[in-house]
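Please open the model in a viewer and keep a selection tool at hand.

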Amino acid sequence: MSDSDAIVRISVARMAVITVSLPLGAFFLCIYLSLRYNFDVSTATHCGVPNYLPSISSAIGEFVPQRYIWRAAIAVHSAPRFLIASMYYSFMQRILPNVAFYQKAVKVNSFLNVVENVALLSLSFVSSKENYDIHKVSFIMFMVCSELYMVLTCLLLKDNTRRFNSPLERLAFIKKKQLMTANLACFLVALYFFYRHNTYCEPGMYSVFALLEYLVVLTNMAFHMTAYYDFHNHELIVDNEGTFNKPPASCPRRGHLERGDPQVNIVQSNLFKCLF
């Protein structure tokens, strides 16, 4: 296919940067605005002890314009997240042995990735004040799926590193392990400080919990940012061949999504019809 046939041509590495940058920028902006303009309300706790940082739920869901900034960023970033999840499904199929156990594990892993994104959309668009039960369930689903996804990804790749195609894929795996470990550590310590706050109502305990909560979110974003290395030389290309209203007569096997030219991966419109 020539360059003139391409309607849209996007570097997947650049798309990964933009996808993570949207919630990252909104995250810091929401915290800043909450501290700057809603400090007393956003840092208030049930037992009235001094607190200096807002929780994430408070910063992104209880005030305007923070609520709209966060929801807009999450809405825009979700479509590329689903696309990258599909690409990771093919990536894992290529890396892992073609045996029943691994193929089922890949499906479970991809399911966790998708549900994590759906739960993030749900908890972002339904704040705790609007519907506490839905927000609570969505938050639990997000945390459970995100932790399981990171752990399972690292476990599946651990014994198959010899099948990596490039040093960047190896670098991505190293960073995944580091970020998964940091994320789990921050999450467990955050639970401890949350327990301390609710049990003893000590000054500053909720602020430490909030800080660790920030680190859990940031390490989660960084984990997904490793797509920058896994798909560094890949391009997403939508061409003008065919239409999107029906799949082509013959679809490439999904495992071929990551193959092709060693320098550039071309995902044409007919592949989208096969994947979605």
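**Stop 1: helix α7**

Select α7 and colour E169, A172, F173, K176, L179, M180, N183, C186, A190, F193 and H197, which are buried (under 20% relative accessible area with a 1.4 Å probe, protein chains only). The model is predicted, with local features requiring pLDDT of at least 70 and side-chain atom pairs pLDDT 80 or more, whereas totals for chains, interfaces and linings use all residues. Residues are numbered from 1 along each chain, and side-chain values use heavy atoms, without hydrogens and water. Helices are DSSP runs of H or I of at least four residues, numbered from the N terminus.

Next, display α4 (66–95), α6 (132–158), α8 and α9 (227–230), which are among the cover of these buried residues; contact means heavy atoms within 4.5 Å. Just after α7, C201 has a positive phi of about 50°.

**Stop 2: α1 against α8**

Select α1 (residues 12–37) and α8 (residues 205–225): their axes come within 9 Å and cross at roughly 165°. Axes are lines fitted to C-alpha atoms over the stretch in contact, with angles from 0 to 180 degrees between N-to-C directions. The pair is therefore roughly antiparallel (over 145 degrees). Residues of α1 including F27, F28 and I31 meet residues of α8 including M221, H224 and M225. The contact comprises 13 nonpolar residues, 1 polar and no charged; Ala, Val, Leu, Ile, Met, Phe, Trp, Tyr, Cys and Pro count as nonpolar, Asp, Glu, Lys and Arg as charged, and the others, Gly among them, as polar.

**Stop 3: α6 against α8**

Finally, select α6 with α8, whose axes lie 12 Å apart at an angle of about 45°.

Definitions and conventions
Helix = DSSP H or I, 4+ residues; strand = E, 2+ residues; numbered from the N terminus. Parallel < 35°, antiparallel > 145°, perpendicular 65-115°, else oblique. Buried < 20%, exposed > 50% of the residue type's maximum accessible area, 1.4 Å probe, protein only.
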